[in-house]
Amino acid sequence: MEQRGQRTAAGTSVPGANRRGLWGPVIGFGLVSLAADIVSDGARPLAGPLLAQLGASALVVGLVTGAAEAAAQGLRLLFGPWADRTRRYWTFTLAGYGLTAVCVPLLAVAPLAGEAGLVLASVLIIGDRVGKAIRSPAKTVLLAAVAKQVGRGRGFAVHKSLDLLGAVLGPVLIAAVLAATGSMSVAFAVLALPAAAAMFMLFWLRLRVPSSVPAAVDALPPPGADRPATVFTRGFLLFAVAAFFWSAGLVAFGVIAFHLTTTAGVPVAVVPLLYAGAMAAAALGALASGVIYDRSGAAALLALPLLIAAVPPLALAPAAGLAFAGVLVWGTATGIQDSTVKALIADLVPEGRQGTAYGVFAAFEGAGALAGGGLYGSLYSSRPLLILAVAVLQLIAFSVLVVALLRIREPQRGRSARTLRQD
């Protein structure tokens, strides 16, 4: 019997038997991210409470978590171009995941380290995010290469959904361990198991599909050859400026967790479950925006500043019910930011410069996150002023984003969307 075909983003027909081959690497990277996010996002909601337990003030929590997010984004400006120059995308991917697999379980030692515990915890929290900076541009280049064959909006959305499933399971696991033991140290130590699983799957993926995963990357000029066109188009730079302003207004979850446990009266053991709910909302936001992006274009991203503007009046409210709603809005915004935004960059930039593009763009996001950490930490005690400041930042972000989208041309995305409508 004749196999039904599937048309790829490039417009070629692929036999039905090969569909699994097209989606396999995307799913493989998604499973690695799932295990890694059980680790990283399992620990993330405890960052604020851990630092508070070790004696940190709201300002210190804001600065540490803001610096962590700034490192996760800003250092990609170094590692993205470096990966492009050397084309060692797998090396950077492995190294970045490895750093997270080491730093997060070691947080178990921080409460036992006496006066040095606060410094140790701060270094390890930032170290985890440095690992993300090392791996993210390289991994995203590999993912963009294979997601192109299934539609980048859908490919990135499916990958992000698996990623976010790990971000849901991690906090649930941590909440269960806290409920059973009451010990943060034990909770962090348990995360060594999914950390080992993530590294095992990553090495397995590297050995099993060494050529098919970076297929589009292998077609690029060798290191030292002439590079493709610059990434610094006016549309790209305006998009990056918009990202600075929306990132400056998007509060780190560590500050939200600090507020929930110190002001809203939420038990520490409940915070990971709220974070899991936020990640579920992020998965839905990523899937919805990815489908809209493939079908209708980048205007789907205009919802992002509006969502971010709604976070502080809800998430930092004294009533727990409003704060819970704010956590869900925060999750939806992060889901869009971490999936559909990356799909647009992949469609804007030549494949030989995507690592550089992700690094440059992330530097703008990281600078915004660092500014936002200081903003939330310093204005936390004056929440009406904080809400107003975030609203102004998001108005600027929305305005710049509109101008950027008017200048952006997306021929690759347009071909993908037309192909999907033909299926």
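Figure 1. Helix H16 spans residues 340-348, and because 8 of its 9 residues are buried, the helix is largely enclosed by the rest of the structure. The model shown here and in the other figures is a predicted one. The buried residues of H16 are Thr340, Val341, Lys342, Ala343, Leu344, Ile345, Ala346 and Asp347.

**Figure 2. Helix H15 and its buried residues.** Helix H15, formed by residues 320-337, contains 18 residues. From the first C-alpha to the last, H15 reaches 26 Å, which is close to the 26 Å expected at 1.5 Å a residue. Buried positions in H15 include Ala323, Gly326, Val327 and Val329. Trp330, Gly331, Ala333, Thr334, Gly335, Ile336 and Gln337 are likewise buried in this helix.

**Figure 3. The aromatic pair of Phe236 and Phe361.** A total of 13 aromatic pairs is counted in the model. In one of them, the ring centres of Phe236 and Phe361 are 6.3 Å apart and the planes meet at 55°, so the pair is classed as tilted. Phe236 and Phe361 are both buried.

Figure 4. Through ring pairs, Phe236, Phe239, Trp246 and Phe361 are joined into a cluster.

**Figure 5. Arginine side chains over tyrosine rings.** The charged end of Arg135 is placed over the ring of Tyr97, at 4.4 Å from the ring centre. A further arrangement of this kind involves Arg383, whose charged end sits over the ring of Tyr380, 4.6 Å from its centre.

**Figure 6. The salt bridges of the model.** Side chains of opposite charge can pair when their charged atoms come close. The structure holds 2 salt bridges. In one, Asp41 is joined to Arg44, and the closest N and O atoms are 3.7 Å apart. Asp41 is buried, with a relative accessible area of 6%, whereas Arg44 counts as partly exposed at 22% relative accessibility. A salt bridge also connects Asp128 with Arg129, with the closest N and O atoms 3.9 Å apart. Asp128 is buried, having a relative accessible area of 7%, and Arg129 is buried as well, with 9%.

**Figure 7. A nonpolar patch on the surface.** Leu385, Leu388, Val392 and Ile396 make up a nonpolar patch on the surface, and together they present about 330 Å² of accessible area. Leu385 is located in helix H18, which comprises residues 383-407. Its relative accessibility of 44% makes Leu385 a partly exposed residue. In an α-helix there are 3.6 residues a turn, so residues three or four places apart point the same way.

Terms used: Residues numbered from 1 in each chain as written. Predicted model: local features only at pLDDT ≥ 70, side-chain atom pairs only at ≥ 80, totals over all residues. Heavy atoms only, no water. Patch = residues over 30% accessible without salt bridge, like charges linked within 9 Å, V, L, I, M, F, W, Y side chains within 5 Å. Areas by Shrake-Rupley, 256 points an atom, 1.4 Å probe, with all protein chains shown as cover. Salt bridge = Lys/Arg side-chain N within 4 Å of Asp/Glu carboxyl O. Helix = DSSP H or I, 4+ residues; strand = E, 2+ residues; numbered from the N terminus. Buried < 20%, exposed > 50% of the residue type's maximum accessible area, 1.4 Å probe, protein only. Phe/Tyr/Trp six-rings, centres within 6.5 Å; stacked < 30°, edge-to-face > 60°. Lys NZ or Arg CZ within 6 Å of the ring centre and 35° of its normal. Expected span 1.5 Å × (residues − 1).
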